[in-house]
Amino acid sequence: MRPLPRRIPVLAASALAAVLITTGCSEIQQVSEGVDKAQQCLQAAAIVTDTVQKITPLIEDPAAMEKALNDGATKLGDLADKAANTTLKEAADGVAKDLEGLNVTDANSAVDAGQKVATDSVKWVEQLTAACG
């Protein structure tokens, strides 16, 4: 019986290493995607709470309040565009649309918008976090 050439064990070891690396890489990618999803979920909730904090002192400055609402909506829209999770994308787009729908043109509409955001922000955060679960 003739001994196997040295190349066969080396090729077999290389093939085994490639399989192990490929399997490990896919698991690392899955973990990375999970981390990205969790990070996006936290960012979405933070955008809502940040927007609430920004508009609260702006009740007497309708133009600044309108800008803060639009900035929050834009940030949520950007996050939705990058979201790998379809449910999070839809939730973030929905909240962004709600924020954009608040038109602040004078002191009365600023008070109304402030009250609506204060009331609905809890619901929005719940929607966003539920989309992540």
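**Entry 1: Thr51**

I began with Thr51, which I found in helix 1; helices here are DSSP runs of H or I with at least four residues, strands are runs of E with at least two, and both are numbered from the N terminus. Setting aside neighbours within four places in sequence, I saw Thr51 in contact with Ala68, Leu69, Gly72 and Leu99, where contact means heavy atoms within 4.5 Å.

**Entry 2: ground rules**

I noted that this is a predicted model, in which local features need pLDDT of at least 70 and side-chain atom pairs count only at pLDDT 80 or more, while totals for chains, interfaces and linings use all residues. Residues are numbered from 1 along each chain as its sequence is written, and side-chain values use heavy atoms, with hydrogens and water left out.

**Entry 3: the overall plan**

I counted 4 helices and 0 strands in the protein, and read the order from the N terminus as α-α-α-α. Of the 133 residues, 32% are buried. Among contacts with a separation of 6 or more, 68% join residues 24 or more positions apart.

**Entry 4: the core**

Which residues touch the most other members of the largest nonpolar core? I found Met65, Leu69, Leu76, Leu88, Leu99, Val117 and Leu128, out of 30 residues in that core. Such a core is a set of buried Ala, Val, Leu, Ile, Met, Phe, Trp, Tyr and Cys residues joined through side-chain atoms within 4.5 Å. At least two core residues come from each of helix 1 (7–55), helix 2 (62–82), helix 3 (86–100) and helix 4 (107–132).

I then followed Leu128. Apart from neighbours within four places in sequence, Leu128 is in contact with Ala44, Ala45, Val48, Leu76, Leu88, Ala91, Ala92 and Val95.

**Entry 5: helix 2 against helix 3**

I looked up how these two pack: the angle is about 165 degrees and the axes are 8 Å apart. Axes are lines fitted to C-alpha atoms, for helices over the stretch in contact, and angles run from 0 to 180 degrees between N-to-C directions. That angle makes helix 2 roughly antiparallel to helix 3; under 35 degrees counts as roughly parallel, over 145 as roughly antiparallel, 65 to 115 as roughly perpendicular and the rest as oblique. On the helix 2 side, the contact includes Leu69, Ala73 and Leu76, and on the helix 3 side it includes Leu88, Ala92 and Leu99. By class, I listed 10 nonpolar, 3 polar and 4 charged residues in this contact. Here Ala, Val, Leu, Ile, Met, Phe, Trp, Tyr, Cys and Pro count as nonpolar, Asp, Glu, Lys and Arg as charged, and the others, Gly among them, as polar.

**Entry 6: helix 2 against helix 4**

The axes of helix 2 and helix 4 come within 10 Å and cross at roughly 20 degrees. That makes helix 2 roughly parallel to helix 4. Pro62, Met65, Leu69 and Leu76 of helix 2 meet Ala107, Ala110, Ala113, Gly114, Val117 and Leu128 of helix 4. This contact has 9 nonpolar residues, 1 polar and no charged.

**Entry 7: helix 3 against helix 4**

For helix 3 and helix 4, I found axes that come within 8 Å and cross at roughly 165 degrees. That makes helix 3 roughly antiparallel to helix 4. Among the residues that meet are Leu88, Val95 and Leu99 in helix 3 and Trp124, Leu128 and Cys132 in helix 4.

**Entry 8: Cys132**

I stayed with Cys132, in helix 4, which counts as buried at 16% relative accessibility. Where does Cys132 stand relative to Cys41? The two are 91 residues apart along the chain, with their C-alpha atoms separated by 6.1 Å. Not counting residues up to four places away in sequence, Cys132 touches Lys37, Cys41, Asn85 and Leu88.

**Entry 9: two loop residues**

Thr56 lies between helix 1 and helix 2 and counts as exposed at 51% relative accessibility. Asn103 sits in the loop between helix 3 and helix 4, exposed at 55%, and is in contact with Glu66 and Ser109, leaving aside neighbours within four places in sequence.

Definitions and conventions: Buried < 20%, exposed > 50% of the residue type's maximum accessible area, 1.4 Å probe, protein only.
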